[in-house]
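Let's take a walk through this protein together. Have a look at the sequence and the fold, and then we'll start with its charges.

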Amino acid sequence: MADENTTKSGLQSAEPTDLTSIREKLENQIAEYAARDICLAFSGGVDSSLLLKAAVQAAEHTGRQVWAVTFDSRLHPSCDLEIAGRVAAELGGIHRVITVDELEQEEIRNNPVDRCYLCKRHLFSTLKAFAEERGIDRILDGTNEDDMHVYRPGIRALRELGITSPLADLHITKAQVKELAAWYGISVASRPSTPCMATRIPYNTPIDYDMLRRIGEGEAYLRTLVGGNVRLRLHGDIARIEVDFAAMEQMLGVKEQAAARLKELGFCYITLDLEGFRSGSMDIGIKMEVGETI
């Protein structure tokens, strides 16, 4: 494990002055939690990896256990599970995998506007039962400050279940999370977010396994062609590709290969969104309930 003042390469990493107070607040808060065992919802993304780093570091002083629990879900690309395992081994803690199938529940399968709430409620109820079996009453998740200002109905489920979100509580933004992760030398510090594949499907369009397979395989292929953020949004038989603006020209340069592969997967029309990658673009036009996500 890299020392907190060095990168993985062993080179000294200078901490930006404006991050020092943020890091200290996070470490102090996690140190309080580490007086007892901690259970962390661990995806292997940068948010939960930063929390795992801080929790393991704190637990080294208290002698308590940190459980990093990853959901094996068909709503997420299979590579996510592999990455989570690798990063958990890198950072420490006790890694466990819980297999879930959200689509067994008809209300989730029907993909209503509050699908994220239903999914989070299902997943974290399962995680809460896991924690309670081990006498753990503190469950952490990686919701950050930015998540509090966009449509995130799942946050209501976290509140209802008493899940702790230290990054959001301390008003730590995604950009600050990435800076801190890089300073700590965490290997996924620059990893793009990979939200569940249901976010690629319009609300009220029922979700099935073949749909998820086609989206997953298509998006994985597109990532071999361009870097950065990549999303493959589904609109019937139309595939809408979102990439970062910086990758637009690169995407157009491989348009024939991209279109050919996506048509093999059953998409009839292949489009490139001229507005580029936008997190939560399927939420445009969704009316947010006051107090639900903010």
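Start with the charges: the protein has 34 positive and 45 negative ones, and their mean positions lie 2 Å apart. Here Lys and Arg count as positive and Asp and Glu as negative, leaving out His and the chain ends, and each charge is placed at NZ of Lys, CZ of Arg, CG of Asp or CD of Glu.

A word on where this comes from. You're looking at a predicted model, in which local features need pLDDT of at least 70 and side-chain atom pairs count only at pLDDT 80 or more, while totals for chains, interfaces and linings use all residues. Residues are numbered from 1 along each chain as its sequence is written, and side-chain values use heavy atoms, without hydrogens and water.

Now the overall build. The protein holds 11 helices and seven strands, which are DSSP runs numbered from the N terminus (helices: H or I, at least four residues; strands: E, at least two). Its C-alpha trace spans about 55 × 45 × 35 Å along the principal axes.

What share of the 294 residues is buried? The figure is 49%, where buried means under 20% relative accessible area with a 1.4 Å probe, counting protein chains only.

For a closer look, pick helix 2, residues 46–62. From first C-alpha to last it reaches 24 Å, close to the 24 Å expected for its 17 residues at 1.5 Å a residue (that is, 1.5 Å times one less than the number of residues). Helix 2 is mostly covered, with 14 of its 17 residues buried.

Note on methods: Buried < 20%, exposed > 50% of the residue type's maximum accessible area, 1.4 Å probe, protein only.
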